[in-house]
Amino acid sequence: NPAIACRLEAARAVVHDAACLAMSMRPPPGGPAGKQKAAQDWLTETDGAVEAFIAERMKALFPDDGFQGEEGGVARAGQLRWVVDPIDGTSNYARGRSRWCVSLGLLDGDDPIAGVIEAPALGEVYTALRGHGAFLNGKRIQASPVTDPASAMIEMGWSNRVPKPVFMEKIDAIMDLGAMPRSGGSGALALADVACGRLDGYIEIVINLWDVAAALPLLAEAGARVSPFLRTGGLTGPATILAANPHIADALSKAVSIPLE
Ligand code: IPD
């Protein structure tokens, strides 16, 4: 569909400019910059500036498309809906760490059809268009070939929305499989890592649409398996996500009791 391909190209350019803006505002290493919204939940000036920048550019290019951002909520409804996380991995960004990204996904109703994730401090850009593959810096990517959960590396995301016992129960289950648990602080980049085979799985019990919208088409195009995030509340509020390579997906899903699509 040329109209959608054209949107992906536009999104890639806008996300790149937004990523440059975020780099120019990047705090130096040190104590957290910005303010704390709640326990371990940070907001920097950059979050608002980048979201406003992307919102304005997308509105000028595609005024009839819907738009939703982490900071501004649903600004416009529409069959086609852009969903932006201006800085995913804000807590990393606020400390001057490198693991954060700008994420912009496109939904057609409840179908994730395209996505761009740029991590400028890592020099990486992920793109996906449904039916046309997923790419990292222009090279096609796919989920990992690891078949043994005991050789797997699985990331688990955490936020203050998840009570400690619930988190610990899933980490326990991951370790009981013999897998290596990890936590990197950016849900979007962790899901992108599953799509390109750097991780074998990612789990987060309570995560929002803006964190996953751009990654969902990447995962689908890279052959990963995913839990039914959008059909279990993720379209309108926070929900659970599990994504994994197709070889360990069933074992992981069973171990942590999170059903797959
Ligand atoms: C957060 C990150 C983190 C995840 C949280 C998200 P933000 O997004 O993706 O890895 O565990 O659930 O809220 O606040 O940095 O955009």
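Helices and strands here are DSSP runs, numbered from the N terminus; a strand needs at least two residues. With that in hand, the structure can be read element by element. Bear in mind that this is a predicted model.

**The ligand shell**

Strand 5 gives the most to the shell around the ligand: three residues. Strand 5 covers residues 80-88, and strand 13 covers 201-207; each supplies at least two residues of that shell. In total, 15 residues surround the ligand. The closest are D88, T90, G157, S159 and G187.

What classes of residue make up the shell around the ligand? Seven are polar, five are charged and three are nonpolar.

Domain 1 (2-140) and domain 2 (149-256) each give at least three residues to it.

The domain assignment of the protein chain gives domain 1 as 2-140 and domain 2 as 149-256. Their C-alpha centres lie 20 Å apart. The contact takes 34 residues from domain 1 and 25 residues from domain 2.

Which elements give two or more residues to the side of domain 1 that touches domain 2? The table lists them.

| Element | Residues |
|---|---|
| Strand 5 | 80-88 |
| Helix 3 | 90-94 |
| Strand 6 | 101-108 |
| Strand 7 | 111-119 |
| Strand 8 | 124-129 |
| Strand 9 | 134-136 |

Strand 7 provides the largest share of this side, with seven residues. By class, this side of domain 1 has 18 nonpolar, nine polar and seven charged residues. Strand 5 is in the table, and strand 5 also contributes to the shell around the ligand.

**A pair of helices**

Now turn to helix 1 and helix 2. Helix 1 spans residues 2-24, and helix 2 spans residues 45-61. Their axes come within 10 Å and cross at roughly 155°. Angles over 145 degrees count as roughly antiparallel, so helix 1 is roughly antiparallel to helix 2. The crossing of helix 1 past helix 2 is right-handed.

Which residues of helix 1 meet helix 2? They are A10, V14, A18, L21 and A22. On the helix 2 side, the partners are T46, A49, V50, F53, I54, R57, M58 and L61. The contact between the helices has 11 nonpolar residues, one polar and one charged.

Technical notes: Residues are numbered from 1 along each chain as its sequence is written. This is a predicted model: local features need pLDDT of at least 70, side-chain atom pairs count only at pLDDT 80 or more; totals for chains, interfaces and linings use all residues. A residue is near a molecule or strand if its C-beta atom, placed from the backbone, lies within 6 Å of it. Helices (H or I, at least four residues) and strands (E, at least two) are DSSP runs, numbered from the N terminus. Ala, Val, Leu, Ile, Met, Phe, Trp, Tyr, Cys and Pro count as nonpolar, Asp, Glu, Lys and Arg as charged, and the others, Gly among them, as polar. Domain bounds come from an automatic or database domain assignment. Axes are lines fitted to C-alpha atoms, for helices over the stretch in contact, and angles run from 0 to 180 degrees between N-to-C directions. Angles under 35 degrees count as roughly parallel, over 145 as roughly antiparallel, 65 to 115 as roughly perpendicular and the rest as oblique. A crossing is left-handed if the near helix is turned anticlockwise from the far one by less than a right angle, and right-handed if clockwise. Two residues are in contact if their C-beta atoms, placed from the backbone, lie within 7 Å.
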